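Subject: Structure for your reading

Dear colleague,

Please find the structure below, together with its sequence. My findings follow it, and I would ask you to read them with the structure open beside you.

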Amino acid sequence: MPLRGSLRSTTNILLVAGLTWIAWLQARADEPKPKPENTISIQLGEPVPPQKFEHPPKFWIASVTDRSGNPQPMMVMKERGGVFLDKQPAAIVKEGIEQSLKVANLLAPDAGSADLVLRVYLFHFGLAAGSGLDFFGKVEFSTMVKNAKTGESQEVKAAGTSIAKGAVRKKTMQKNVEENIEEALHDAIRNFVRGTQLKEAVAALSKGTDVVPGAAPSATDTPKPLSR
Amino acid sequence: MRVLMVALVAGFFAMGAVAKPKDETPQYKTAEAKHFTTAEGVELTPAFVDYFYAELRSELTKAKLVNEVVGEGEAVDDADAPKSLVISGTITEYKKGNVVKSALIGFGAGMRSLKMDADVVRRSDKQNLCVLHVHVKIDPRWNEKIMAKGAAHQMVKEMKKALAETSKPS
């Protein structure tokens with residue numbers, strides 16, 4: 001006996017739903033999950049000694065906000081079972097900048113005693129699209145440097161890159177990725193603490209009222225990624 | 001015969017000792033590579049320029065042309081400025097290539113090509129030390145980032161040669 005129209009369409013819907021569910025289950029099974037063996041720890045290692053300032057100010061990092069738009073910021077690589085970070089990229093960057101500022105005694109013990117407050121916006125942390133033959137590590141952030149007394153602020157951009165060899169073995173690949181991101185982080189922090197942009201911002205903000213009002217963005221302005 | 005062999009081996013060792021040491025100290029202290037700009041009509045993504053910048057820095061480090069490769073916009077000690085380089089440039093032409101032409105005709109037809117010009121200046125007085133023109137061609141099926149890799153390698157090779165010629169006493 002032939003099936004009636006409504007029954008046939010219901011069967012079709014159930015079939016499609018079933019196939020979709022199976023496909024979703026398969027996709028979920030392929031999605032890499034963080035495990036101790038595929039998790040890497042990114043550390044700055046040797047802190048970067050900052051440049052010398054005429055009147056050394058005290059900095060305080062108020063916040064590091066992740067603006068990368070990455071839904072899985074801790075997953076640096078999806079292929080081959082995935083590679084994950086053990087900490088949020090924002091926390092790694094904050095730790096790195098603090099370590100470097102502390103070396104030159106430029107880090108304030110608390111927000112109240114700081115001359116300049118830093119708000120960091122992280123645009124990229126991890127691997128970027130490379131040639132496929134190697135790993136291209138990139139760390140990019142922008143910082144709003146704000147004078148705690150006058151409220152004036154300036155934007156300082158920083159970026160770090162690194163190229164590391166590709167690898168066949170998973171263990172070697174994980175090691176190369178770790179070294180590559182660490183080098184990019186080191187490079188970005190060096191670009192920030194030794195950059196002429198920070199020097200100019202510190203000089204302008206320490207003058208206070210001498211800053212050209214039009215040139216200084218307000219603290220509420222959100223910095224945009226570096227446009228090359 | 002044995003004596004001759006011993007003399008030959010000793011000769012090789014002597015030549016090795018006289019030869020120029022491999023790890024000689026670089027002539028320049030720092031080099032700052034800037035992001036290259038693209039000329040009008042060049043259809044390349046900012047990601048390509050970013051990748052080329054990273055490759056150029058990586059090649060400069062590998063070539064041991066300088067003691068330290070600094071990032072874009074980093075401050076350099078005034079004392080080091082006369083021995084520091086700044087590299088900037090423009091991507092003047094990019095041709096995507098044609099897979100069909102490349103497969104059917106061959107002999108370089110339909111290749112993906114990239115032309116770029118670079119200036120190497122001394123940081124202290126902005127004196128131009130050399131001008132480089134690089135032209136790379138690759139198979140159109142290959143990733144354009146491979147082209148960036150090749151271009152960076154060729155640029156540093158030419159830079160090394162040009163700077164060596166500049167520093168030669170005339």
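In chain B, B:Ala31 has B:Leu85 as its bridge partner in strand 4. B:Ala31 also has a bridge partner in strand 3 of chain B, namely B:Val69. Please keep in mind that this is a predicted model.

Strand 1 and strand 3 (residues 66-70) of chain B run parallel and are joined by four bridges. Strand 1 is likewise joined by four bridges to strand 4 (residues 84-95) of chain B, again in the parallel sense. Is strand 1 of chain B mostly covered or mostly open? Strand 1, which spans residues 28-33, is mostly covered, as five of its six residues are buried.

Chain A contains four helices and seven strands. Read from the N terminus, its elements follow the order α-β-β-β-β-α-β-β-β-α-α. Chain A has 228 residues, of which 41% count as buried. If one takes the contacts in chain A between residues at least 6 apart in sequence, 74% of them join residues at least 24 apart. Chain A exposes about 12500 Å², and carbon and sulfur atoms supply 56% of this area.

Three strands of chain A form an open sheet in the order 1-4-3, with mixed pairing. Its edge strands are strand 1 (39-40) and strand 3, each of which pairs on one side only. Strand 3 and strand 4 of chain A pair over two bridges in the antiparallel sense. Which residue of strand 4 is the bridge partner of A:Met77? The partner is A:Val83.

The loop between strand 3 (75-77) and strand 4 (83-85) of chain A holds A:Arg80. The phi of A:Arg80 is near 55°, a positive value in a residue other than glycine. In general, most residues other than glycine have a negative phi. A:Arg80 counts as partly exposed because its relative accessibility is 41%, which falls between the limits of 20% and 50%.

B:Lys126 lies in the loop between strand 5 (112-122) and strand 6 (128-138) of chain B. Its relative accessibility is 59%, so B:Lys126 counts as exposed, the limit being over 50%.

The surface of chain A also carries a nonpolar patch. This patch is formed by A:Leu15, A:Leu19, A:Trp21 and A:Ile22, which together have about 470 Å² of accessible area. Among them, A:Leu15 is found in helix 1 (residues 5-30) of chain A. A:Leu15 is exposed because its relative accessible area is 56%, over the limit of 50%.

Finally, I turn to the contact between the two chains. How many residues does each chain give to it? Chain A gives 17 residues and chain B gives 20. The area buried between chain A and chain B is about 1600 Å², and carbon and sulfur atoms give 47% of it. Six salt bridges are counted between chain A and chain B. In one salt bridge, the side chain of B:Glu68 meets that of A:Arg194, at 3.8 Å from N to O.

Yours sincerely

Notes
Residues are numbered from 1 along each chain as its sequence is written. Chains are lettered from A and ligands numbered from 1 in the order in which they are written. This is a predicted model: local features need pLDDT of at least 70, side-chain atom pairs count only at pLDDT 80 or more; totals for chains, interfaces and linings use all residues. Side-chain values use heavy atoms; hydrogens and water are left out. Patches are made of residues with over 30% relative accessible area and no salt bridge: like charges are joined within 9 Å, nonpolar side chains (Val, Leu, Ile, Met, Phe, Trp, Tyr) within 5 Å. Accessible areas come from the Shrake-Rupley method with a 1.4 Å probe; for residues, only the protein chains shown count as cover. A salt bridge is a side-chain nitrogen of Lys or Arg within 4 Å of a carboxyl oxygen of Asp or Glu. Buried means under 20% relative accessible area, exposed over 50%, partly exposed in between (1.4 Å probe, protein chains only). Contact means heavy atoms within 4.5 Å. Two strands pair if DSSP finds at least two bridges between them. Buried area is the accessible area (1.4 Å probe) that two parts lose on being put together, summed over both.
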